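Dear colleague,

Please find below the structure that I am handing over to you. My notes on what was found in it follow directly after it.

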Amino acid sequence: MIQQRRTSNLVITATYNEAENIRRLITQILSISAVDILVIDDNSPDGTAQIVCELKKSCPSVHLILRAGKQGYGSAFVEGFRWGLEKGYQCIITMDADFSHDPVYISQMLTAVACAGVVIGSRYVDGGGTRNWGVHRKILSWAANIYSRIILSADVHDFTSGFRCYRREVLEQIDFAAITSNGYSFLEEILYECIRIGTTILEIPIIFTDRKYGKSKINKSEIFKAIIKLPVLRLKQLLKKL
């Protein structure tokens, strides 16, 4: 039985065809962490939203935003942030729905965020790492983060981690209307915005485990968009200083 509770902490996950994971994920999160959960589903044809609706009937800690169709990773989290701020949550955690982000780290992130504006569940600090990844994916991820650090000139080891905890006062300073990334480059853009306003960033080690069920949403097009996006972000910031 999922424990019923309301807290000042919100976990947001964006879903598309995660029916094989979402029930187990929600149940596990609520069994170990004092949080509410918001699922933002882009009308998954596999019935993900229906599973969330079923859980909502017996658990007021579970919430759902059902969108008309695939609108993008970035727009989902922007909508989730706005919803969370409107409802008064003080800490907002973002994570994937496929168990690549282990819910066991949520409590550590909520503790750590007392000392920072944003906490990142990082694969690339001491104690962090990945599991069940091939060599090609490890090299690609490592290179992407080195590229992000250089282009954006920021001392963050894991720019592309989607497992994060944000304090309310940080998100309130972000102009979401100015966020232009709709895919996975959103992760780098919003983190860069947090850094730009002077937010303290703290990275805690996590082990990222590749999904067992369902299909990854990252493709070559998303990677290319991120490569192009970062110099644009940096250039815009430099021009503002002129």
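Helices (H or I, at least four residues) and strands (E, at least two) are DSSP runs, numbered from the N terminus. Please note that this is a predicted model, in which local features need pLDDT of at least 70 and side-chain atom pairs count only at pLDDT 80 or more, while totals for chains, interfaces and linings use all residues. Residues are numbered from 1 along each chain as its sequence is written, and side-chain values use heavy atoms, with hydrogens and water left out.

I begin with the overall form. The protein contains 8 helices and 9 strands. Its radius of gyration, taken over C-alpha atoms, is 17 Å, close to the 18 Å given for 242 residues by the globule rule (2.2 Å times the number of residues to the power 0.38), so the protein is as compact as a globular protein of that length. The C-alpha trace spans about 55 × 40 × 40 Å along its principal axes. Of the contacts (heavy atoms within 4.5 Å) with a separation of 6 or more, 81% are between residues 24 or more positions apart.

Next comes the interior. A nonpolar core is a set of buried Ala, Val, Leu, Ile, Met, Phe, Trp, Tyr and Cys residues joined through side-chain atoms within 4.5 Å. The largest such core has 34 residues, and Ile-12, Phe-81, Phe-176 and Phe-186 have the most contacts inside it. Elements that each supply at least two of its residues include strand E1 (9-15), strand E2 (36-41), helix H3 (73-87) and helix H7 (186-196). H3 gives the largest share, 7 residues. Apart from this core lies another, of 33 residues, among them Val-35, Ile-51, Tyr-105 and Val-113.

Two residues deserve a separate word. Leaving aside residues up to four places away in sequence, Phe-81 touches Ile-12, Ile-92, Thr-94, Tyr-166, Leu-171, Phe-176, Phe-186 and Ile-190. Trp-83 lies in helix H3 and is buried, with a relative accessible area of 18%. With the neighbours up to four places away again not counted, Trp-83 touches Leu-10, Leu-38, His-63, Ile-65 and Tyr-89. The C-alpha atoms of Trp-83 and Ile-65, which are 18 residues apart along the chain, are separated by 9.3 Å.

Helix H7 is largely enclosed by the rest of the structure, because 9 of its 11 residues are buried. Among the buried residues of H7 are Phe-186, Glu-188, Glu-189, Ile-190 and Glu-193. Just after H7, Gly-198 takes a positive phi of about 90 degrees.

Backbone angles also bring up two loops. Most residues other than glycine have a negative phi. Asn-17, in the loop between E1 and helix H1 (22-32), has a positive phi of about 60 degrees although it is not a glycine. Asn-17 counts as partly exposed, at 27% relative accessibility. Asn-43 lies in the loop between E2 and helix H2 (48-56) and has a positive phi of about 55 degrees, although it too is not a glycine. The relative accessible area of Asn-43 is 42%, which makes it partly exposed.

With kind regards

Definitions and conventions:
Buried < 20%, exposed > 50% of the residue type's maximum accessible area, 1.4 Å probe, protein only.
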